2 protein chains.
Amino acid sequence: MGSTIKDIAKQTGLSIATVSKFINGGNVLPENRALLEKSIKDLDFEVNQVARGLKKNRTMLIGVIVPNFESKFFMRVISNIENSLMRYGYSTIVCDYRGDYKLEVEKIHFLYGKKVDGIILPPNEDNAKTYKDIIKRGISLVFLDRPIDAVPCDAIIVDNRAAARKAVESFLANGHTKIGLVNMNEPGLYTAHERLAGYLDAHEAAGLEVDRRRIAFAATSVDGGYDATLSILDANSGVTAILATNDDMAFGAIKALNARGLRIPDDIALIGFDVYDVATVFNPELSVVVQPLGEIGETAADLIVKRLGQERPLSPRVVELKTELILRGSSEKSV
Amino acid sequence: MGSTIKDIAKQTGLSIATVSKFINGGNVLPENRALLEKSIKDLDFEVNQVARGLKKNRTMLIGVIVPNFESKFFMRVISNIENSLMRYGYSTIVCDYRGDYKLEVEKIHFLYGKKVDGIILPPNEDNAKTYKDIIKRGISLVFLDRPIDAVPCDAIIVDNRAAARKAVESFLANGHTKIGLVNMNEPGLYTAHERLAGYLDAHEAAGLEVDRRRIAFAATSVDGGYDATLSILDANSGVTAILATNDDMAFGAIKALNARGLRIPDDIALIGFDVYDVATVFNPELSVVVQPLGEIGETAADLIVKRLGQERPLSPRVVELKTELILRGSSEKSV
DNA sequence: TCAGAAGCGCGAAACGTTTCGCGCTCGGGG
DNA sequence: CCCCGAGCGCGAAACGTTTCGCGCTTCTGA
């Protein structure tokens with residue numbers, strides 16, 4: 001029950017050093033190998049990773065920090081990160097900071113204490129100094145979902161701008177010209193900014209004027225999407241299509257349209273973001289922009305593991321993955 | 001950058017032992033206290049939890065193991081467990097075993113190596129021996145979502161049987177007598193068994209004969225729910241209402257009903273399980289049985305922390321939480 | 001004034017591992 | 001036959017903490 005390297009040494013008559021060598025793949029005489037294998041099985045010995053971590057200064061632990069545990073997007077990405085890191089022998093400690101950036105700093109210090117080998121997080125400009133500190137301490141850092149200007153660092157992002165642009169262009173292709181945007185209202189949020197830019201890009205490319213009444217910002221939630229959608233409808237700008245840049249906001253948009261008795265897509269066409277499991281359950285099925293959650297997690301894991309292995313600090317790698325626009329019934333009726 | 005207790009000792013001129021004492025809340029002379037506080041801030045010292053863990057034989061780490069990372073129910077419960085444990089100063093290491101019970105044993109051994117103080121998992125009968133081993137090693141164990149007969153152990157569950165019964169009774173109250181059940185098909189799955197029992201209870205209490213054609217088992221997934229629902233419809237037993245015992249299966253049921261052109265609730269009334277965010281986005285809104293995810297997480301955390309504190313092994317505590325039946329449009333039209 | 005108690009600080013060992021470098025053995029080649 | 005090198009095993013120190021018990025100081029009270 002909880003035997004140590006010492007017990008193995010005692011039982012085999014070998015020294016602690018030799019046992020350790022064997023455990024770590026070193027060569028030992030065949031007869032000793034047999035002895036050791038038997039003894040390890042007998043006492044069901046397992047390396048004490050805590051002791052090893054202390055000695056080697058590597059814990060095989062990666063910290064992941066997210067704003068909160070409510071975000072489906074981040075939770076799924078975390079699942080995939082955990083899954084991928086596990087294959088490399090790493091485990092994950094997950095923290096949230098309930099949207100409080102001061103608390104994020106605390107969590108980072110908490111992870112310092114845990115001696116994690118690396119940290120993965122979606123950065124915000126406010127804590128740029130802390131991120132630099134992480135790197136200075138020799139802890140590998142990977143940014144999730146967005147880069148920040150102030151800190152050059154590995155990052156895994158998606159082509160938000162192109163994604164929004166393509167979604168709007170699909171509306172245009174179906175003859176829509178009065179297109180609404182239900183966007184996330186978080187100051188400085190990279191993804192919101194990029195998706196807006198994509199929306200504007202598409203308009204500019206089509207030579208279409210942008211009507212600000214058709215753009216609404218609101219809290220990233222079902223209620224936020226609901227309110228934003230109503231405000232667009234109430235602006236009476238003749239909107240015939242809406243792009244919602246977040247799954248919850250897309251749900252809010254559906255609720256708002258239902259509440260107003262507007263049919264999808266006949267009265268208003270709709271495309272959402274990040275709606276995964278249930279997009280096809282709606283009637284008509286919901287068109288969506290999907291981010292490659294699996295790849296995002298894998299890439300985050302790859303980036304951090306690669307950096308961990310490296311001795312020399314390599315220059316920051318920013319990986320941008322492609323989103324996919326999946327068109328279904330909710331946006332497929334032409335005007 | 002990564003200073004230790006030794007650095008503090010050197011800078012303050014005090015001994016290592018005194019620094020340690022201070023860190024752990026021991027009394028020191030006021031002048032020394034000031035010195036220590038200053039020095040700790042100066043060098044921004046943080047206790048090395050790895051070293052502490054080695055010495056104290058407590059890592060403040062709890063392992064959580066789930067069958068896979070796809071289950072929304074478990075992922076949400078994990079979020080809440082993490083959140084609650086964090087308040088007690090514990091962190092969480094999450095593993096999955098992709099439905100492979102042999103792999104679950106490996107993950108448990110992996111957690112042995114990490115020297116976790118406790119483990120939380122949904123048990124299965126196959127690995128009863130391993131669970132006993134966990135307890136024998138002095139690692140606290142809490143069962144999630146279900147107990148098993150072979151191992152007496154703390155557990156957090158919900159009133160699955162009553163939940164299903166109440167859902168069926170709400171159908172009965174609306175005049176339905178031909179009620180379908182779309183159930184999860186996993187051998188030995190406690191929750192599936194209990195929910196079936198509740199379904200049967202309600203029938204028996206109402207003096208209603210059970211028609212086996214109205215009960216279908218299938219994979220716990222959207223497709224499974226879809227297939228199961230179609231099979232019930234195709235049995236031509238005159239079903240007018242359906243209870244789906246899982247969120248994905250409820251989605252599958254909706255898809256199946258849409259596919260057949262059946263209206264909810266006019267043609268078929270529907271109640272789902274565990275549909276949280278989007279239940280009110282459907283039109284009509286979906287009636288559901290909800291499990292108290294927050295409380296489940298908190299209670300799991302409480303149970304394990306309580307057991308961790310205890311010196312003496314107390315007798316197993318099984319906490320059963322109440323589910324809530326929320327009736328909405330999808331089940332509210334009488335026949 | 002002095003004995004004793006209370007409070008504080010310190011040295012040293014210990015937790016379980018890795019790692020360094022030395023010394024031994026054994027075999028092969030000159 | 002002897003020397004040298006390769007290969008293996010071992011002792012000891014180290015990672016950063018906690019903890020034990022002893023010894024010193026200081027204060028209280030008779």
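**Entry 1: the model.** I am working from a predicted model.

**Entry 2: around DNA strand D.** I looked up which residues lie near DNA strand D and found 25 of them. The closest are A:S15, A:N32, A:K55, B:I5 and B:S20. Of the atoms of DNA strand D that come within 4 Å of the protein, 69% belong to sugar and phosphate.

**Entry 3: phosphate contacts.** I looked for polar atoms beside the phosphates. In chain A, a polar backbone atom of A:S15 is 2.7 Å from a phosphate oxygen of DNA strand D. The side chain of B:N24 has an N or O atom 3.2 Å from a phosphate oxygen.

**Entry 4: elements and classes.** I listed the elements that give two or more residues to the surface near DNA strand D. From chain A they are α2 (16–23) and α4 (49–56). From chain B they are α1 (5–12), α2 (16–23) and α4 (49–56). Which element gives the most? I found that α4(B) does, with four residues. Sorted by class, the surface has ten nonpolar, eight polar and seven charged residues.

**Entry 5: the two chains.** I superposed chain A on chain B with a rotation of 180 degrees and 0.0 Å of shift along its axis, at an RMSD of 0.1 Å. This is the relation of a two-fold axis. I also compared the interface residues: 100% of those of chain A are interface residues in chain B too, so the copies meet through the same surface.

Methods. Residues numbered from 1 in each chain as written. Chains lettered and ligands numbered in written order. Predicted model: local features only at pLDDT ≥ 70, side-chain atom pairs only at ≥ 80, totals over all residues. Heavy atoms only, no water. Near = heavy atom within 4 Å. Polar contact = N/O pair within 3.5 Å; in protein donor to acceptor, adjacent residues only side chain to side chain. Nonpolar A, V, L, I, M, F, W, Y, C, P; charged D, E, K, R; others polar. Least-squares fit on C-alpha atoms with pLDDT ≥ 70 in both. Contact = heavy atoms within 4.5 Å.
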